[in-house]
Amino acid sequence: MVTPGIKDVAGAHYGWRDWLSQRVTAVVMAIYTLMLLVIALWTGGLDYAVWKSVFANSAFRIASFIFMLSVFLHAWVGVRNITMDYIKPTAIRLIVQIAVICALVAYTGWTIQVLWGAR
Amino acid sequence: MPALDRPVVKPRPVYLNLLAIRQPLPAVISILHRVSGALLFLLGIPVLLWGMDATLSSPEAFAQWKATMSHPIAKLLLLLLAWSYIHHLLAGIRHLVLDVHVGIDLQSARRSASIVFIVALILTALVAVRLW
C-alpha cells in the first residue's frame, strides 16, 4: 500500500490531468484531421452541394463536435501555460484567463449553432 | 584538481537575452510550437468558425466567402494558419514520440526537429500552390 507522502499535501494533481488531456485531445484532433483529408481527397473539388452533404451526415457532425471540443480544451491548457509563463501580475493573468474561458465557452455555443442550428 | 582551487564563477553569460543567444534547432521548434499554438487560438479558431458558419448557411454566402478568401491578404492569412496547423501538428507528434522515450538522444532529437521544420514548410508550400 502506498501511504500519502508529504508532497501530496499541496498537490491538486491538475498538472498530470492537463498533461494527459493535452495529449488525448491531440490524438483526437490528429485522427479527425486525417479523416478530413481522406474525405477531401475522396470527394474531389468542394462546391456548396458537396460541402453541405458532408455536414448533413450526423456521424460527421458528432465527430466535428468532438474535434471542436478537443480544440477548445487543448487551447485552454496551452493558453493557460502561456499566461502562467509570461503574465506575472496575478490580477492581469486572472483577467486574461477569464477572458480566454469566456471566448472558449462562446465558441462552443457558436459551434453547436453552426452544426445543429436551424436554418 | 582539488575542488577549492577551481574558479567558482565560470565566464558564462550572466543574462538570458533571447535575441543574443543562438538557440539549438529543437529549441526553435519548441518556441515555434508555442507561437503557432497562440496563432491558432487567436486567429485560427475564429476564422474556422466564421468560415464554417458562412459556408454552410447558403450558396450565396458560400460564394461570398470564396470571394472574400481570394483576396491576396486573406490568402496570406490562410497560409499562415495552414503553416501554424501543420507545424503544430507535426511538432506535437514529435512530442508524443519523445514522451514514449523514442529518439530522445541528442542526435535523434536534432534530426527529428529538422524533419518537423522542413516537412512543415514543404506541406505549407503545397497549400500555397493550392491557394494560388
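Modeller: The account below concerns helix α3 of chain A and the parts related to it. Please bear in mind that this is a predicted model. The helix α3(A) runs over residues 58-86. At 1.5 Å a residue, its 29 residues should span 42 Å, and because its end C-alpha atoms are 42 Å apart, the expectation and the model agree.

Several residues of α3(A) are buried, namely A:S64, A:M68, A:S70, A:V71, A:H74, A:A75, A:W76 and A:V79. The partners against which these buried residues pack come from both chains: α1 and α4 of chain A, together with α1 of chain B.

That leads to the interface. In total, 18 residues of chain A are in contact with 16 residues of chain B. On the side of chain A that touches chain B, the elements giving two or more residues are α1, α2, α3 and α4 of chain A. Of these, α3(A) gives the most, with five residues. By class, this side of chain A has 12 nonpolar, three polar and three charged residues.

The partner helix from chain B, α1(B), covers residues 25-57 and also packs with α3(B), residues 72-99, at an angle of about 130°, their axes being 8 Å apart. The two helices are therefore oblique to each other, and α1(B) passes α3(B) in a left-handed crossing. Among the residues that meet there are B:L32, B:H33 and B:L40 in α1(B), and B:L81, B:Y85 and B:H88 in α3(B). Their contact has 10 nonpolar, seven polar and no charged residues.

Technical notes:
Residues numbered from 1 in each chain as written. Chains lettered and ligands numbered in written order. Predicted model: local features only at pLDDT ≥ 70, side-chain atom pairs only at ≥ 80, totals over all residues. Contact = placed C-beta atoms within 7 Å. Helix = DSSP H or I, 4+ residues; strand = E, 2+ residues; numbered from the N terminus. Nonpolar A, V, L, I, M, F, W, Y, C, P; charged D, E, K, R; others polar. Axes fitted to C-alpha atoms, helices over the stretch in contact; angles between N-to-C directions. Parallel < 35°, antiparallel > 145°, perpendicular 65-115°, else oblique. Left-handed = near helix turned anticlockwise from the far one by under 90°. Expected span 1.5 Å × (residues − 1). Buried ≥ 20, exposed ≤ 12 C-beta atoms within 10 Å, placed from the backbone.
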